[in-house]
Amino acid sequence: VRFIITLLFINIFLFSAKSSFAKDVMGLGIGTRTCTDFLNETVDVRDDGELTDVALFKRLEYMQWANGFMTALNIRYYEKNNRFKKMNTVKKFRDLYEAITDSCYYIKTNGNHNEFSIATYMVFDSLEKENYQEY
C-alpha cells in the first residue's frame with residue numbers, strides 16, 4: 001500500500017513539474033517564443049541600472065539559441081551554395097542582441113508575424129556571403 005501511494009505521489013509530482021515547463025513547443029526551445037516575449041523578458045533592470053539576473057539569463061538563452069539556429073542555417077546555406085555567409089557582424093553578443101532586437105521591432109510594426117525565429121532568420125538573411133576557400 002505504501003509503495004502504491006508513494007508511486008502515486010511521484011507521478012503527481014512529475015506531472016506537475018513537467019507541465020510547469022511546457023511553455024516551449026515540442027522541445028524546440030526558446031526560439032519558438034515570440035518577439036514580444038523576447039523584448040519583455042530581456043530588458044528588466046535593477047535600481048542600479050544593471051540587468052536583473054533573470055533578464056541576463058533569459059538574454060543569454062535567447063542568444064545561445066539564435067547563435068545555434070544561425071549556425072545551422074549557415075551550414076544549410078553552404079550545402080546549397082558552396083559558400084558560407086560572414087557572421088562576423090553578429091559575432092559579439094551585444095551586436096547579435098541589437099540586430100535581433102531591431103529585427104523584432106521591424107516585424108512587429110511591419111509584418112503580421114511575431115516569432116523570435118523569424119527575427120533571427122531575418123538577421124541571418126541580411127549577412128554577407130563569404131567564400132569557404134578563404135579559410
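Which helix gives the nonpolar patch its largest share? Helix 3 does, with 3 residues; helices here are DSSP runs of H or I of at least four residues, numbered from the N terminus.

This is a predicted model, in which local features need pLDDT of at least 70 and side-chain atom pairs count only at pLDDT 80 or more, while totals for chains, interfaces and linings use all residues. Residues are numbered from 1 along each chain as its sequence is written, and side-chain values use heavy atoms, with hydrogens and water left out.

Select Leu-56, which lies in helix 3 and is partly exposed at 34% relative accessibility (buried is under 20% relative accessible area, exposed over 50%, partly exposed in between, with a 1.4 Å probe and protein chains only).

Turn next to helix 4, residues 93-110, whose 18 residues reach 26 Å from first C-alpha to last, close to the 26 Å expected at 1.5 Å a residue (the expected span being 1.5 Å times one less than the number of residues). Colour its buried residues, Leu-96, Tyr-97, Ile-100, Thr-101, Ser-103, Cys-104 and Ile-107.

Finish at Thr-101 in helix 4, which is buried with a relative accessible area of 11%. Leaving aside neighbours within four places in sequence, Thr-101 is in contact with Phe-38 and Leu-39, contact meaning heavy atoms within 4.5 Å.

Technical notes: Helices (H or I, at least four residues) and strands (E, at least two) are DSSP runs, numbered from the N terminus.
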